[in-house]
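Welcome! Take a look at the sequence and the model first, then read on.

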Amino acid sequence: MDLNVKFPPVVSAYMQNNARHRFIVGPFGSGKSVGSMVDIPRRAAAQRQSTSSGKRKSRFAVIRNTMPQLRDTTMKTWFDYFPNGSLGYYRETGKTYFIKQGDVECEVIFRALDDAQDVENLLSIELTGAYLNEFRGIQRTIVEALDGRIDRYPRMDEGGASWAGIWGDSNFPEEGSYWERMLEGYDPDDGKTKRPADPNFQVFKQPSAMLKQLDGTYILNPLAENQNNLPASYYPNLVVGKTDDFIRTFVMCEYGRSHGGKPVHPMFSREHHIAKSIILPNKKDLLLVSADFGLTPAI
């Protein structure tokens with residue numbers, strides 16, 4: 001199996017890491033999803049041979065939050081790199097791609113998490129590992145339950161798996177979320193207590209795609225990854241007309257601000273709406289305050 005593909009530094013380090021749990025976060029267009037997918041046949045080829053058949057067996061789940069996302073984004077990327085008939089063949093029934101290359105036999109099972117039945121079906125499969133595409137949209141309960149389904153195939157009487165684990169890529173999640181706490185090494189329940197260092201939980205952060213100047217404009221970050229595979233205008237065009245939160249999350253590699261509750265002004269921007277210097281009130285002006293004490297009090 002020839003997988004002659006070169007990846008940028010952070011993506012490459014993420015792919016070569018052998019931790020049971022490893023996750024990469026970065027901006028749009030940074031190559032993280034492609035690296036995650038190429039890691040499947042690479043890991044499959046590195047599995048030990050079965051003691052009974054001599055085959056290198058493995059079974060990986062590729063998971064996305066909804067079926068439209070799985071079909072239109074995740075699977076589309078997979079087939080761009082591994083068309084049906086290249087590494088193996090795809091069966092729509094079961095949404096499974098069977099890799100058949102020499103002594104390598106690998107099942108790649110695509111699953112969405114649209115409803116409880118989808119989750120139940122996923123958590124009944126014995127897996128070698130699981131790849132979470134855009135993991136920030138996948139709930140904690142699913143991730144923790146999934147941890148009990150990996151390292152179950154191939155069975156121990158066939159020699160077991162050489163490596164098993166959960167890996168994933170994503171744009172940056174929201175501040176205060178389960179994923180932000182896990183990525184930053186905090187207890188996921190209280191969000192304050194630092195977890196002990198765990199070599200089996202590794203996080204990889206890509207550089208931001210752009211750098212913000214003092215005048216509020218943006219320039220390309222020379223350290224941004226995968227730029228040679230993108231048009232030069234990709235990121236400059238991406239920030240035009242976008243909200244500050246969009247740019248933070250998808251370009252600048254910063255955690256998104258939580259939008260919990262019901263904001264009165266959803267387009268509020270600290271940079272735009274808060275004065276850069278102290279504003280002195282005029283005592284001669286009349287100040288009117290209007291209050292609404294209904295179900296969602298606001299002033």
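Helices and strands here are DSSP runs, numbered from the N terminus, with at least four residues (H or I) for a helix and at least two (E) for a strand. Please keep in mind that this is a predicted model.

**The loop between α5 and β7**

- P154 sits in the loop that runs between α5 (140–146) and β7 (165–170).
- The peptide bond joining Y153 and P154 is cis, with an omega of about -5 degrees.
- D151 is also found in the loop between α5 and β7.
- The phi of D151 is near 60 degrees, which is a positive value in a residue other than glycine.

**Helices α1 and α2**

- Helix α1 covers residues 9–16, and it packs against α2 with the axes 10 Å apart and at an angle of about 30 degrees.
- Angles under 35 degrees count as roughly parallel, and α1 and α2 are therefore roughly parallel to each other.
- The α1 and α2 helices make a right-handed crossing.
- On the α1 side, the contact is made by V11, Y14, M15 and Q16; on the α2 side, K32, G35, S36, V38, D39, R42 and R43 take part.
- Sorted by class, the contact of α1 with α2 has four nonpolar, three polar and four charged residues.

**Helices α2 and α3**

- Helix α2 (residues 32–46) and helix α3 (residues 67–81) have axes that come within 10 Å and cross at roughly 60 degrees.
- That angle makes α2 oblique to α3.
- The crossing of α2 and α3 is right-handed.
- From α2, the residues V34, M37, I40 and P41 meet T74, T77, W78 and Y81 of α3.
- By class, the contact of α2 with α3 has six nonpolar residues, two polar ones and no charged ones.

**The largest pocket**

- How much space lies in the largest pocket? The volume is about 660 Å³.
- The largest pocket is lined by 31 residues, and the closest to its centre are G29, G31, K32, V34 and N226.
- Which elements give two or more residues to the lining of the largest pocket? They are α2 and α3.
- The lining of the largest pocket divides into twelve nonpolar, 13 polar and six charged residues.

Definitions and conventions:
Residues are numbered from 1 along each chain as its sequence is written. This is a predicted model: local features need pLDDT of at least 70, side-chain atom pairs count only at pLDDT 80 or more; totals for chains, interfaces and linings use all residues. Side-chain values use heavy atoms; hydrogens and water are left out. Axes are lines fitted to C-alpha atoms, for helices over the stretch in contact, and angles run from 0 to 180 degrees between N-to-C directions. Angles under 35 degrees count as roughly parallel, over 145 as roughly antiparallel, 65 to 115 as roughly perpendicular and the rest as oblique. A crossing is left-handed if the near helix is turned anticlockwise from the far one by less than a right angle, and right-handed if clockwise. Contact means heavy atoms within 4.5 Å. Ala, Val, Leu, Ile, Met, Phe, Trp, Tyr, Cys and Pro count as nonpolar, Asp, Glu, Lys and Arg as charged, and the others, Gly among them, as polar. On a 1 Å grid over the protein atoms alone, a cavity is a set of points where a 1.4 Å probe fits but cannot get out, and a pocket is an open set with protein on both sides within 12 Å along at least five of seven lines; lining residues have an atom within 4 Å of a point. Grid points are joined across faces, edges and corners, and a volume is the space filled by probe spheres set on the points.
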